[in-house]
Amino acid sequence: MSIADEPEVMNLRQASRYLGLSPDTLYKYVSENSVPAFRLGNRWRFKKSVLDAWMEKRSVTHKGKAERR
């Protein structure tokens with residue numbers, strides 16, 4: 001399964017692979033409320049579309065900051 005084939009709702013391991021992070025790092029970011037996620041039962045879940053929008057927003061924000069320097 002390629003990254004593009006990830007399901008719309010991903011578990012922590014799938015989302016960490018999608019984002020290119022270790023599961024431990026992603027869990028740390030979730031516990032710090034740095035990454036959008038929700039709980040389903042006692043497990044963290046991640047919507048691919050929400051992660052895509054979050055990454056796009058962050059890349060635009062950081063791009064703008066880099067250009068101001």
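User: Which residue stands opposite R39 in β3?

Analyst: That's W44 in β3. Keep in mind that this is a predicted model, where local features need pLDDT of at least 70 and side-chain atom pairs count only at pLDDT 80 or more, while totals for chains, interfaces and linings use all residues. Residues are numbered from 1 along each chain as its sequence is written, and side-chain values use heavy atoms, with hydrogens and water left out.

User: What makes R39 count as lying over the face of W44?

Analyst: R39 sits at 5.0 Å from the ring centre of W44. The rule asks for NZ of Lys or CZ of Arg within 6 Å of the centre and within 35 degrees of the ring normal, so R39 is listed as lying over the face of W44.

User: How do you know that β2 pairs with β3?

Analyst: Three bridges join β2 to β3, and the two run antiparallel. Pairing takes at least two bridges found by DSSP, so β2 and β3 qualify. Their hairpin has two residues between the strands, and G41 there takes a positive phi near 70°.

User: And what joins β1 to β3 (residues 43–47)?

Analyst: Three bridges again, also antiparallel. Along that pairing, V9 faces K47 and N11 faces R45.

User: Why do β1 (9–11) and β2 (38–40) count as edges?

Analyst: The open sheet is ordered β1-β3-β2. β1 and β2 each have a single partner strand, so one side of each lacks a neighbour in the sheet. From one strand to the next, the twist averages 45°.

User: Which residues of α1 and α2 meet?

Analyst: L12, R13, A15, S16 and L19 in α1 meet P23, L26 and Y27 in α2, where contact means heavy atoms within 4.5 Å. By class, the contact has six nonpolar, one polar and one charged residues. α1 also lies across β1 and β3, running at about 100° to β1.

How values were computed: Helices (H or I, at least four residues) and strands (E, at least two) are DSSP runs, numbered from the N terminus. Ala, Val, Leu, Ile, Met, Phe, Trp, Tyr, Cys and Pro count as nonpolar, Asp, Glu, Lys and Arg as charged, and the others, Gly among them, as polar. Axes are lines fitted to C-alpha atoms, for helices over the stretch in contact, and angles run from 0 to 180 degrees between N-to-C directions.
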